[in-house]
Amino acid sequence: MKRFKKNLDDDNDNHSEKRPDSDIHSFLVDPDRKSGYNPMRLMGITVVCLMVISVLFSASVILKDPPSDGIREASQTRVLQMGSEKGSEDDASQSFGLPKDNLLGGLLSAGFDKGSCLSRYQSVEYHKELLHKPSSYLISRLRRYEALHKQCGPYTESYNKTLEQLKSDHYTGPSECNYVVWISFSGLGNRILTLVSSFLYALLTNRVLLVDPGVDVADLLCEPFPDVSWFLPTDFPLKNQFNNFNQESPQCYGKMMKNTTISNLNRLMPPSVYLHLVHDYDDHDKLFFCDEDQHFLQKVPWLIMKTDNYFIPSLFLIPSLEQELMNLFPKKETVFHFLGRYLFHPTNQVWGLITRYYEAYLSKADERIGIQIRVFDIGTGPFQHVLDQILACAMTENLLPEINRQQHIISPSGTNKSKAVLMTSLSSGYFEKIRDMYWEHPTVTGEVVGIYQPSHEEYQQTEKLFHNRKAWAEMYLLSLSDVLVTSSWSTFGYVAQGLGGLRPWILYKPENRTAPNPPCQRAMSMEPCFHAPPFYDCKAKVGVDTGQIVPHVRHCEDMSWGLKLVD
C-alpha cells in the first residue's frame, strides 16, 4: 500500500505541473474536454494504479517461487557451452546458446557418471557433427545389447553358471548367455580395430563381449557399457593360456576342422573354441567366415578370439548375417565410425593430453590438417623421398599453400587465414623440415601455417604404458582434423579417419625409395581396410575374388588384396 500511495502521489504531482505538451496531448485524445477538474481523469488514474498493483503482485509471486530444477537445468544447458572456439559454425551455435547433442543422436546411453569419464560427453565439443545419423535399428540393438551385458556380465548369476561348463570342460547344453572373449594382441591401432570387429560379431550373434585388458586397455579406454564392466575377470580359467594359444592348440577351430567334420563336432560339442584370426591364419581357420561353420559356432558357449585384423568386411559376405547388417548400417561406410564413437572414450588421463594440446595449438586455427606418417623403409630417417611425397600430396590437392622463395613478406589481402597442421610420426625429421619451410618463407596465398607434432618416440613401444597413452591421444587428435592425410597400410591412420568420419588422402607406399607419382589418392570411404581377407566361396568350395561379390565390399586403395566397405 505504501508503494501504491507513493505511485499515486507521484502521479498527482506529475499531473499538477503545467506542461504544454500534456495539454496538447489531452486535446488530441479528447478535443471536447474542458480544462479544470475532470472526474474521467481521476477514474483513468485509478484504473492505471490497479493495473500496477496487479503487475507488482504477480512479480512478487514469481520471485517467491523460482523456476523448478528441470527448467533451471534446461536453461543452463542452453547457456553453458564447453570447449573452445572451433570455426564459424560452432561460434554461431554458441552465440545462439544451442546445446550440442552429446548422446550422438541416441548412439550413446545416458546415465553414466560424467566425472569418471569426461570424454564421453565432452567429445562432441571437439568433433564435427556426425555426417550421418545412426539408424533407429542400430540404436535399439545397442540398448538391447546393454541389457544383455548387464544380465550376463562378469560375476552375474548367468556368467557364473556358464563358467561352470568351462571349468568342467564339459558341454551340458544351451546356455542362457554366450560369450566372445577378446584377447589383447598386437599394436594399439590393431587392437582398436579388432575390438570393433569383435563387438559387432557379438552384437550379430547375441553374445556378450568380454575384453582381456592386457597391460593397458583399462588405462586407455573408459567402460563403454552401463552398470557392468566389459573387462574379463582376472580369475578367468583360461587367462593364463592366452599367450600360448595358436593354430596348434587343441581348442583351435582350424585344427579341429583339419581332423574332423562339423557333424562329428556336433556330437562332441566343446564348451569353448579358440578362433585364430591372426594374419597368418590358414584356410581351415578362415572357415569362420562360412555360414555352415557359423551355425555350429552359434552353439558354443565360449569363443576365445585372437586377431589383428579388421574383419568386418567379410562379415558382410556371410549370407545369414547380411540382412541384419543392412538393417544396422544402411550406410555401409559408417560401421567403424558409429561403433568407434560408441565404444572408445579416452580415460581422463588421456583426455587431458588431448584437450590440453588441442586448446594450446589447434583450437584457434581456421582449418586443421592432420598428416599421419608411417614409414616402412629400413634405416634412419627422415627420407627425402618421403618428405617430397608428403609435400607433393598436400600441395597438389590444395591442402597446403605453396611458399614464395622470392619475397620475404607478402602483403596480406584482407584477413589472413590460418592453418594448423598436426603431424604424427615416430621421427621428428619431417615435422622439423616442414615447420622450418613455413617459418623461413611466406606462403603465396598469405595464409599463416603452423606445424605441430606432439611426440616423436623414434620406434614403436607397444608394451609401454605412456607410449600408448600418447599414441591414443595422437590418433584422437588426428580425428579432430578438418582434412586428413594418412599412410598406406597404417592402422593408426585407419583409427583416426574412422573416428573422425574422414575420407583421407592416402599416401601410396613408396617403392625403391622413390616418391610415387601421383603421390596420394582420396579414399573411397572412411572405413578401415581388412588386410588379410579370405578368398574362398564357401558354397562352391573354390577360390574366388571376394572383392567382386557385392558392390559394397571392394578392394582397398592402399592394399590391392585387402577389402573395405564402401557406399
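**Aromatic rings in a predicted model**

Guide: In this predicted model, Phe296 is buried, with a relative accessible area of 1%.

Visitor: Which residue forms a stacked aromatic pair with Phe296?

Guide: The structure holds 30 aromatic pairs, and in one of them the ring centres of Phe296 and its partner are 6.0 Å apart, with 20° between the planes. Because planes under 30 degrees apart count as stacked, this pair is called stacked, and the partner is Tyr253.

Visitor: What kind of aromatic pair do Phe288 and Phe311 form?

Guide: The centres of these two rings, Phe288 and Phe311, are 6.0 Å apart, and the angle between their planes is 80°. Since an angle over 60 degrees counts as edge-to-face, the pair of Phe288 and Phe311 is edge-to-face.

Visitor: Is Ile409 buried or exposed?

Guide: Ile409 is found in the loop between α18 (384–396) and β6 (418–424). Its relative accessible area is 68%, and because a value over 50% counts as exposed, Ile409 is exposed.

Visitor: Which residue lies over the face of Phe112?

Guide: Two residues with charged ends can be described in this way, and one of them is Lys114, whose charged end sits over the ring of Tyr121, 5.8 Å from its centre. Over the face of Phe112, at 3.6 Å from the ring centre, lies Arg120.

Terms used: Residues are numbered from 1 along each chain as its sequence is written. This is a predicted model: local features need pLDDT of at least 70, side-chain atom pairs count only at pLDDT 80 or more; totals for chains, interfaces and linings use all residues. Side-chain values use heavy atoms; hydrogens and water are left out. Helices (H or I, at least four residues) and strands (E, at least two) are DSSP runs, numbered from the N terminus. Buried means under 20% relative accessible area, exposed over 50%, partly exposed in between (1.4 Å probe, protein chains only). Rings of Phe, Tyr and Trp (its six-membered ring) pair if their centres lie within 6.5 Å; planes under 30 degrees apart count as stacked, over 60 as edge-to-face and the rest as tilted. A charge sits over a ring if NZ of Lys or CZ of Arg is within 6 Å of the ring centre and within 35 degrees of the ring normal.
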